[in-house]
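Morning, everyone. Please have the sequence and the structure open while I talk.

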Amino acid sequence: MATVNPVEQALQAVAEALKAEARVLITCHVNPDGDAAGSMIALHRALTQLGVDSIMYLASTEPVAVEWRFLAGLAEVIRGGLPDDYQFRTLVAVDCGNAERIGNDDLVRAAPRIINIDHHADNTRFGEINLVVGGASSTAEILFFLLQRMEVNVSPEIAEALYTGILVDSGRFQYASASPSTFRVAADLISRGVDHTAIFRYVYETVPLSKVKLSCRMFDRLTIACGGRLAAAVLEMSDFNETGADGSATEGLVDSLRAIDGVLVAALIYAQSGNQGGGAPLYRISLRSSTERISVQRIAKAKGGGGHVQAAGASITGETPAQIISFLTERVDAALKRAGIKAAGCDRAATGETARGESPDQKL
Ligand SMILES: [Mn+2]
């Protein structure tokens, strides 16, 4: 007897629902990364092609990280203030693990219907229809299959947006979430006209000098703890002001902390711009783990955040960076102990850090 694949079922349900929609509003999480922005743009173009009245909306008014500014279509995104007819539009959330990440509660409350498309394993399934594939490299990879099912013509523009999402969220195809399917989809997109060399240059090799200066500050403030397994760094508001970097310049910085030999967990703690008001200090932590045996999602969750097992984040109010680092040290020490991982340099083979790593989440 044929088994019903839940991913296939969800793909079909969302494909049918979207094709039948008259008006939609597509949004992604605040401070969008390449997957969030690329997914939003790709889906918008696809729906427009099918004759659906689609608009894109982003709750945050902070500048989009310089890495994604090349994406054609960003200028069409409505920022901050909601469009007049938002309460009549089906809300399509892409790359949002929970409804709060959308950043506008009014929008979520007023939506006549919510369709939720995402790859965060801890997604709260806040939609009426949920297409959540926890093991997928990116939301963009899920969208590729969705658009095929909707019989969308994947134009070079759509392909470029999808490719960017996949490239970035798969860690340039190096994370465990990069499956054979991820590579096949990327190959397909390149055959449709994606200039992967140009995208690589835009995303990774047009770093503003202000961001380089900011990363110097980050390495200056580096704390190594937990027997060399935790690397944590702090960026204060003054670091942003003095280097001329804006809040979006933190994009990707935490990955270079994880790259340090022996380090398994990286944490970047940075001041949020809401800080200057003189209220309680607000910090954002970006967390990365090099091994599936240590879940940073769990650590982030303890502070009200979330994400993936190996990439997560949280916002923290009312704690100093020193307090946050001691919390992280405690948590990482406990996680290392649970996983039976020794200090760096002791027993490298036992860490599994070079293992291929099979994600326990659902695959496409
Ligand atoms: Mn994503």
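How many bridges join strand 11 to strand 12? Two, and the strands run antiparallel. Strand 12 covers residues 311–317. Gly306 stands opposite Gly313 of strand 12. Before I go on, note that this is a predicted model.

Six strands make up an open sheet, in the order 7-8-9-10-12-11, with mixed pairing. At the edges stand strand 7, residues 223–225, and strand 11, residues 306–307. Each has a single partner strand, so one side of each is left without a neighbour in the sheet. Helix 12, residues 321–339, packs on this sheet and touches strand 7, strand 8, strand 9, strand 10 and strand 12. The direction of helix 12 makes about 165° with that of strand 8.

Now look at strand 9, residues 265–271. Strand 8, residues 230–235, is joined to strand 9 by six bridges, and these two run parallel. Ala233 has Leu268 in strand 9 as its bridge partner. Strand 10, residues 282–289, is joined to strand 9 by seven bridges, and here the two run antiparallel. In that pairing, Tyr270 stands opposite Arg284 of strand 10.

Is strand 9 mostly covered or mostly open? Mostly covered: seven of its seven residues are buried. In a regular strand, side chains alternate between the two faces of the sheet. In strand 9, Val265, Ala267, Ile269 and Ala271 point one way, while Ala266, Leu268 and Tyr270 point the other way. Both sets are buried.

Next, the domains. The domain assignment gives domain 1 as 6–204 and domain 2 as 209–351. Their C-alpha centres lie 27 Å apart. Where they meet, 14 residues of domain 1 are in contact with 10 residues of domain 2. The side of domain 1 that touches domain 2 has six nonpolar, four polar and four charged residues.

Six strands form it, open, in the order 3-2-1-4-5-6, and the pairing is parallel. Strand 3, residues 78–79, and strand 6, residues 129–132, stand at its edges with a single partner strand each, so one side of each is left without a neighbour in the sheet. Strand 4, residues 90–94, pairs with strand 5, residues 114–118, over four bridges. Within that pairing, Leu91 has Ile114 as its bridge partner in strand 5.

Two helices go with this sheet. Helix 1, residues 6–20, lies across strand 5 and strand 6, at about 130° to strand 6. Helix 2, residues 34–49, packs on the sheet and touches strand 1, strand 2 and strand 4. The direction of helix 2 makes about 165° with that of strand 1.

Last, helix 5, residues 156–169. At 1.5 Å a residue, its 14 residues should span 20 Å, and the end C-alpha atoms are 20 Å apart, which agrees. Just after helix 5, Gly171 takes a positive phi of about 60°.

That is the end of my part.

Note on methods:
Residues numbered from 1 in each chain as written. Predicted model: local features only at pLDDT ≥ 70, side-chain atom pairs only at ≥ 80, totals over all residues. Pairing = 2+ DSSP bridges. Contact = placed C-beta atoms within 7 Å. Axes fitted to C-alpha atoms, helices over the stretch in contact; angles between N-to-C directions. Expected span 1.5 Å × (residues − 1). Domains from an automatic or database assignment. Nonpolar A, V, L, I, M, F, W, Y, C, P; charged D, E, K, R; others polar. Buried ≥ 20, exposed ≤ 12 C-beta atoms within 10 Å, placed from the backbone.
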